[in-house]
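Reader: I've got a chain open on my screen and I'd like to talk it through. Can you take me around it?

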Amino acid sequence: MTLFTSLFQYDFMILAFAAVLIISPLFGLLGTMVVNNKMAFFSDALGHSALTGIAVGIIFGIPDTNLAMVLFGVAFAILLNWIKEKSSASTDTLISVFSSCCIAIGLAILSRGGNFSKYSSLLLGDVLSITKREIIYLLLILIATVVFWIVCYNRLQAISLHKTLAKSKHFRIRMIENLFSIFIALIVMLSIKWIGILLINALLILPAASARNIAENVREYHLFSIIFSLFSGVLGLFISYYTDMATGPMIIIIASVIFFSTYFYGRNR
């Protein structure tokens with residue numbers, strides 16, 4: 001039996017592989033717009049707010065941690081967009097304040113009575129723990145994201161390039177930005193359990209940043225981002241399995257190698 005076929009003799013590896021095939025294109029696709037709009041801080045703040053989502057779920061008696069994180073993440077994204085629109089403070093400052101506050105609240109509640117150890121696995125994630133039901137959730141999010149991308153991509157691109165021009169075209173800017181933020185929140189919150197809070201933002205940014213280093217047009221930008229994300233996810237899963245290392249960090253290491261390779265290639269070209 002080859003190394004490749006032995007990998008799939010276990011059900012948990014089949015589910016993990018399916019999760020990577022679904023999650024990677026999502027991050028590769030949405031990451032392009034995150035990089036274009038300089039929203040790295042935003043997605044990072046969303047990831048850190050997951051702890052607060054779990055804490056709020058405990059307070060209100062929500063037993064499903066995924067549901068608690070998703071609900072809080074969506075509310076957090078919309079609130080942050082609203083405050084960003086109304087406030088004169090810089091976006092980075094607002095996001096940093098919100099992120100710090102959420103982390104502190106989440107850690108304070110979850111560490112009460114010394115119980116934080118059971119949530120520490122969320123920091124690095126564990127893709128091998130994914131279930132069939134969660135695969136279905138991710139697949140539904142993938143379908144919804146593709147539909148949203150097809151319908152709203154041109155508007156998103158116009159808003160990111162020139163918001164005033166987009167307003168003159170009567171685009172519903174706030175609604176589109178909120179929808180985009182909601183999709184980021186959904187994907188980030190649903191993936192944290194397997195990628196990890198400390199690494200989730202890197203997976204969203206690195207493939208798109210790598211693609212931007214070498215892409216010559218928008219099509220190449222999106223295509224390369226998805227390819228780099230898929231390659232990092234699949235190879236990271238395989239290497240982590242055979243080296244007995246955590247999958248999330250291994251995926252990020254490979255994505256980082258790709259970024260630096262494309263960076264120096266792009267500069268030399």
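**A greasy patch and the fold around it**

Author: Let's start on the surface: Ile 136, Tyr 137, Leu 139, Leu 140, Ile 143, Val 146, Val 147, Ile 150 and Val 151 make up a nonpolar patch with about 860 Å² of accessible area together. Patch members have over 30% relative accessible area and no salt bridge (a Lys or Arg side-chain nitrogen within 4 Å of an Asp or Glu carboxyl oxygen), and nonpolar side chains (Val, Leu, Ile, Met, Phe, Trp, Tyr) are joined within 5 Å. Areas are Shrake-Rupley with a 1.4 Å probe, and for residues only the protein chains shown count as cover.
This is a predicted model, where local features need pLDDT of at least 70, side-chain atom pairs count only at pLDDT 80 or more, and totals for chains, interfaces and linings use all residues. Numbering runs from 1 along each chain as its sequence is written, and side-chain values use heavy atoms, leaving out hydrogens and water.

Reader: Which helix does Ile 143 lie in?

Author: Helices here are DSSP runs of H or I, at least four residues, numbered from the N terminus. The run covering residues 132-161 holds Ile 143, and that's helix 8.

Reader: Which element has the highest mean pLDDT?

Author: pLDDT is the predictor's confidence in each residue, from 0 to 100, and the chain averages 81. Helix 1 (residues 3-7) has the lowest mean, 61. The highest, 89, belongs to helix 12.

Conventions:
Patches are made of residues with over 30% relative accessible area and no salt bridge: like charges are joined within 9 Å, nonpolar side chains (Val, Leu, Ile, Met, Phe, Trp, Tyr) within 5 Å. Helices (H or I, at least four residues) and strands (E, at least two) are DSSP runs, numbered from the N terminus.
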